[in-house]
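Here is a set of questions and answers for someone meeting this structure for the first time. Please look over the sequence and the model before reading on.

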Amino acid sequence: MQTGAQVAIEVLSVDKKFGSFSALSGVSVICEPGKIYGLTGRNGSGKSVLLKCICGFLIPDAGKIRIFGKTKKRGEMLREAGIIIEEPAFLGKKSGIKNLEYLYGIRNRMDRKRLEETMLQVGLDPGERKPVEKYSQGMRQRLAIAQALMEDPQILILDEYLNGLDRQGAKEIRALLLSWKERGKTILLTSHSREDMEILCDQVFEMDGGKLFCRKRE
């Protein structure tokens, strides 16, 4: 197995406790570029906690996390990733494209064409003036996916990214993720959908009681 700079995400013996509750216990995983990795497990098994530690939203109590060979400092936020863990705090009175313009402009020079293309990729009309507060749950989820993709990140971390999408919408987003995999992106996702794991993932891990296990492909 590859290690070091050729690895996108490297989690090494990570522990995380909340009081006496052990949310993560000795978790280790390696994610390589150009592959999709899935996390399964019951609610409370540690999936979201692991993703939040990788992203820097939570600080591990022990262990190390490396991104492209560089060890993340304590509390350092992950900058190389597009992330869906909790729904972004969209501006409800603004349209979808205006929300993306605001978020994109925090770190980038404005590129309206790129944002319009990203919205089209996820099945949204960039010319739609409807405010986000009037979006359906599925439309809000598509906008969240657009927000994760808009900066062309090398890594995607997606926690239950299909929430609110109908079957056709889920099919479209899966096809989009597979195209990103072909571009050499690293994708780590959680999903309760068995179909997701079978269609998308090169490797599936199961979490239970804060521990991570490799699941054999059927």
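Q: In which helix is lysine 52 found?
A: The structure is a predicted model, in which local features need pLDDT of at least 70 and side-chain atom pairs count only at pLDDT 80 or more, while totals for chains, interfaces and linings use all residues. Residues are numbered from 1 along each chain as its sequence is written, and side-chain values use heavy atoms, with hydrogens and water left out. Helices are DSSP runs of H or I with at least four residues, strands are runs of E with at least two, and both are numbered from the N terminus. On that basis, the helix that spans residues 47–55 and holds lysine 52 is α1.

Q: Is lysine 52 buried, partly exposed or exposed?
A: Buried means under 20% relative accessible area, exposed means over 50%, and partly exposed lies in between, with a 1.4 Å probe and protein chains only. Because its relative accessible area is 21%, lysine 52 is partly exposed.

Q: Which residues is lysine 52 in contact with, leaving aside its neighbours within four places in sequence?
A: Contact means heavy atoms within 4.5 Å. With those neighbours left aside, the residues in contact with lysine 52 are Phe57, Leu58, Ile85 and Glu86.

Q: How many residues of α1 are buried?
A: The buried residues include Lys47, Val49, Leu50 and Leu51, and Cys53, Ile54 and Cys55 are also among them. Helix α1 is therefore mostly covered, by the cut-off of under 20% for buried, and the count of buried residues among its 9 is 7.

Q: Which residue follows α1, and what is its phi?
A: Helix α1 is followed by glycine 56. The phi of glycine 56 is positive, near 95°.

Q: How are α4 and α5 oriented?
A: Axes are lines fitted to C-alpha atoms, for helices over the stretch in contact, and angles run from 0 to 180 degrees between N-to-C directions. Helix α4 (residues 137–149) and helix α5 (residues 167–182) pack at about 10°, with their axes 12 Å apart. Angles under 35 degrees count as roughly parallel, over 145 as roughly antiparallel, 65 to 115 as roughly perpendicular and the rest as oblique, so α4 and α5 are roughly parallel.

Q: Which residues of α5 make the contact with α4?
A: On the α4 side, the contact is made by Arg142, Ile145 and Leu149. On the α5 side, the residues are Gly169, Glu172, Ile173, Leu176 and Trp180.

Q: How many helices and strands does the protein have?
A: Counted over the protein, the elements are 6 helices and 10 strands.
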